[in-house]
Amino acid sequence: MAQIHTHEAGANDSAYDGLVVDDARWAFGAGEEFEQGGEPLAGVDTAVPDGADPADLAAYCLMLGDDALVMSHRLSEWCSRAPDLEEDIALANIALDLLGQARLLLARAAAADPRIVPDGPLPGCSTSAEDALAFFRKEQQLRNVRLVELPRGDFGETMARLLVFSAYRLALFERLAASRDRVLAAIAAKGVKELTYHRDFAARWFVTLAQGTAESRHRLLDGLQGLLPFLPELFATHEVEAAVTAADVGVDPSTLAPAVEAVLREACSAADVPAPTITPESTGPRAAGRAGRHTDALGPMLAEMQVVARAHPRGKW
Amino acid sequence: MSAAGLDVPTALACARAAAGRVTDPELPMLTLADLGVLREVRIGEYGVEVAITPTYTGCPALAMMRADLVHELRAAGFAQVTVRIDLSVPWTTDHISERGKAALRDHGISAPGPVGSPSASSGSVSGSGTVTLSGATCLTLGPVRRVVTCPRCGSERTEVVSEFGATACKALYRCQDCLEPFEHVKEI
């Protein structure tokens, strides 16, 4: 058990002295209390519902988890780079919410079908399932839609992407909250509340930038324009999504287009810009990212995201 | 298994008291019980079992809460402590007790109002850009209108600076009378 030291006040105290009195708190993850503490689904009943295929459920959880994981990483790239401190903190908060959703979904995937968890880099390493999935899969094994992996653009592009993504994910989670899989239903019910804040944040900036200066408006619209080829993929149904929909544990993304279009229409109307239309049969291969076919941007992003875990395979955090 | 050979009701009372002392790592004026994240304390076949629920999905304080609960219960004499996560009913700020809300206010943090009045999902938001889509969460383009009172001077002339603050659960506000910034635990 980690040691607790009591700080004794002295004449030469600095404002930071109080920070180091509690080793148990600051040596985070070092104590044995943390050994059982890392699992986000500790004690949760993860039995797969009757009639649902464990492999399909696991693959589906990876899809939704990878969307959140990759979007979270792209948003976290803004840390210390946003236009002002409030926006910097907001983007970090949103990235953190999505990382939390990713952790639960990757853990749920591993619990549904442990075979999807890749081997760690060294035999005998006790990497958790969620970490192994996040840090030891290759780009072809990730199942996120390509929208989230595109390189970070400027703030206008990021707000356009966050609006589209959070509108899509909120519409999806509103329906997923009725999943027969109680774990997925619980993750979705909680996510709805978080995503509502994300979507409102992005939509307000969308309107503000569109109605700001000529420069801010054209940057926003350029950003949105660059995303359009990646929108149809959001609503293309992969065979795994079809299977989990048939088993009443997942959501068919093709049913989400009207809800997402309605949100984009509303935001575009307030912003006085033309609303994009989503035509599933237009550009781009269907279900590309869901099938592991990604853009060139994902590999370098994963290299950065995974480098510490791969370099220190016995590391714990 | 009970602490130091106590009978089960006594051990349970002892465990509840110990778990009830644990405070939130980011809001140390609040116990986990007052925050509404401590869901259950029971004596099971294998020692004490505690159930907690996350405030926000990604809240990093959750691991600290678990470690603090284990630490406190071990100190109270329980060798076997299991902390499980309860996701069955999502946490809402409505689960913060009245005592918890008072503790927040006493420490200069604005307490959340009832969920459904100011925040997004109920449709009763009075933000200027609120749109209700059938069966879906409404989009709020205007600022969220909450009646937020400055915890320092009591003024109701306050403005939101950001819906996101230093922790996942707080929004940043500013008082237009005393001009002090303060935090508001946002409704979720």
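Let me begin with the contacts. In chain B of this predicted model, take the contacts between residues at least 6 apart in sequence: 51% of them join residues at least 24 apart. Chain B has 188 residues, and 53% of them are buried. Its accessible surface comes to about 7,800 Å², with 52% of that area belonging to carbon and sulfur atoms.

Next, the secondary structure. There are four helices and seven strands in chain B. Read from the N terminus, their order is α-α-β-β-α-β-α-β-β-β-β.

I turn now to the sheet. Three strands of chain B form an open sheet, ordered β1-β2-β3, with mixed pairing. Which strands stand at its edges? They are β1 (38–44) and β3 (81–85) of chain B; each has a single partner strand, so one side of each is left without a neighbour in the sheet. From one strand to the next, the twist averages 20°.

The pairing of β1(B) with β2(B), residues 47–52, is antiparallel and extends over six bridges. Within that pairing, I43(B) has V48(B) in β2(B) as its bridge partner.

Finally, the helices that lie across these strands. Helix α1 of chain B, residues 8–21, lies across β1 and β2 of chain B and runs at about 150° to β1(B). Helix α3 of chain B, residues 61–75, lies across β1, β2 and β3 of chain B, and its direction is at about 155° to β3(B).

Thank you for your attention.

Definitions and conventions:
Residues are numbered from 1 along each chain as its sequence is written. Chains are lettered from A and ligands numbered from 1 in the order in which they are written. This is a predicted model: local features need pLDDT of at least 70, side-chain atom pairs count only at pLDDT 80 or more; totals for chains, interfaces and linings use all residues. Side-chain values use heavy atoms; hydrogens and water are left out. Helices (H or I, at least four residues) and strands (E, at least two) are DSSP runs, numbered from the N terminus. Buried means under 20% relative accessible area, exposed over 50%, partly exposed in between (1.4 Å probe, protein chains only). Contact means heavy atoms within 4.5 Å. Accessible areas come from the Shrake-Rupley method with a 1.4 Å probe; for residues, only the protein chains shown count as cover. Two strands pair if DSSP finds at least two bridges between them. Axes are lines fitted to C-alpha atoms, for helices over the stretch in contact, and angles run from 0 to 180 degrees between N-to-C directions.
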